[in-house]
Amino acid sequence: MTSRPLQATAQAQPNIALVKYWGKRDAALNLPAAGSLSITLDALHTRTRVRFDDALTADYITLDGESDEAQSRKIGAFLDLFRARAGITTRAHVESGNDFPTGAGLASSASGFAALAAATDRALGLHLQSRELSMLARRGSGSAARSIFGGFVEMAAGTRDDGKDAFATPLLDASAWPLKVVVAITSRKRKAVDSRAGMETSQRTSPYYRDWVATVPHDLAAARGAVQARDFGKLAEISEASCLAMHAVMLATRPALIYWNGATVDCIQCIRALRLRGIGVFYTVDAGPQVKAVCLPDDAADVAEALRDVAGVENVLVSGLGEGARIEGDA
Ligand code: PMV
């Protein structure tokens, strides 16, 4: 290691799963119990700067300008995976910021670990392939493996014990089917139970957990086919069913995981009514109260207007589909 600080800055965006992931086949390696399929957004960003410096005696990590002990421990352990590859023990200064609320069901862990993986790889000059970056991002958060790529992305659960077949692959570029996503923010509070803890409890206690895992391969194949055929109606049907099945598992978890609030349900009903009027839109909801309405490009403005009028909706964001994680300054 030279005494020159090694640094890089990367950006990544959250992704929204259309076929959901909820549960692990291995907690230590963070291997998903089933595959998933997502779209990467372009309007919400995480920007992460990593600087390895021989002068540091400990990692120094800030998220949105603040340092949090639990997060720092998790990020330090994540950096260790890269340090082991580079054969160094040098500590790092990490500054990460989001231009959207953190920990409220807007997939901040996905964009966060994807940006951190890309920046750390570049700072250490590892030149890892995207597939390897996806596997490493997965160790931070399962959904982060998908934010390495843009557009439509599929995550494989894999079957190997070492996790070397559990990575994401791009299915279709954003420009090939430029759908829009309207995000209705119904609360800015941090969620009470994070996804890692929630999944673990569901897996242990939800009577529907095994049946849920068994539904995923079929949903994945159908969603993959719908993406390839640009069949919006089919994708809508599969995505809503996958979302509701996951929330059914959550509701039946003991103690129950109820991530929705009243406005979440009202947004879902609003989207169902819009669809009956012929508007191209479907909903999906993650481990939080925000509703993501996936729309045909020409219908996004009408959907945004309708969701803005739902009582309890604090804000509405309109996003396109975007790119995967990238280094700032690269073309
Ligand atoms: O990988 P995590 O810890 O961000 O969990 C993701 C869980 C869901 O967002 C609810 C579903 C998904 O596939 O993104």
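How are H1 and H2 oriented to each other, roughly parallel or oblique? The views below take up this pair and its surroundings in a predicted model, where local features need pLDDT of at least 70, side-chain atom pairs count only at pLDDT 80 or more, and totals for chains, interfaces and linings use all residues. Residues are numbered from 1 along each chain as its sequence is written, and side-chain values use heavy atoms, with hydrogens and water left out.

**View 1. Helices H1 and H2.** Helix H1 covers residues 69-86 and helix H2 residues 108-123; their axes come within 11 Å and cross at roughly 40 degrees. Helices (H or I, at least four residues) and strands (E, at least two) are DSSP runs, numbered from the N terminus. Axes are lines fitted to C-alpha atoms, for helices over the stretch in contact, and angles run from 0 to 180 degrees between N-to-C directions. H1 and H2 are therefore oblique to each other (under 35 degrees is roughly parallel, over 145 roughly antiparallel, 65 to 115 roughly perpendicular, and the rest oblique). On the H1 side, Lys74, Ile75, Phe78, Leu79 and Phe82 meet Phe113, Leu116, Ala117, Thr120 and Asp121 of H2. The residues of this contact of H1 with H2 comprise seven nonpolar, one polar and two charged (Ala, Val, Leu, Ile, Met, Phe, Trp, Tyr, Cys and Pro count as nonpolar, Asp, Glu, Lys and Arg as charged, the others, Gly among them, as polar).

**View 2. Helices H2 and H3.** H2 packs with helix H3 (residues 130-140) at an angle of about 130 degrees, and their axes are 9 Å apart. H2 and H3 are therefore oblique to each other. Phe113, Ala114, Ala117, Ala118 and Asp121 of H2 make the contact with Leu133, Ala137 and Gly140 of H3 (contact means heavy atoms within 4.5 Å).

**View 3. The five-stranded sheet.** This open sheet has the strand order S7-S8-S6-S1-S15, with mixed pairing (two strands pair if DSSP finds at least two bridges between them). S7 and strand S15 (326-327) are the edge strands, each pairing on one side only. H1 packs on the sheet and touches strand S6 (46-52), S7 and S8; the direction of H1 makes about 120 degrees with that of S7. S7 and strand S8 (residues 92-98) run parallel and are joined by four bridges. Leu63 has Ser96 in S8 as its bridge partner.

**View 4. The loop at Glu66.** Glu66 lies in the loop between strand S7 (60-63) and H1. Glu66 counts as exposed because its relative accessibility is 58% (buried means under 20% relative accessible area, exposed over 50%, partly exposed in between, with a 1.4 Å probe and protein chains only). Glu66 and Glu95 are 29 residues apart in sequence, and C-alpha to C-alpha they are 9.2 Å apart in space.
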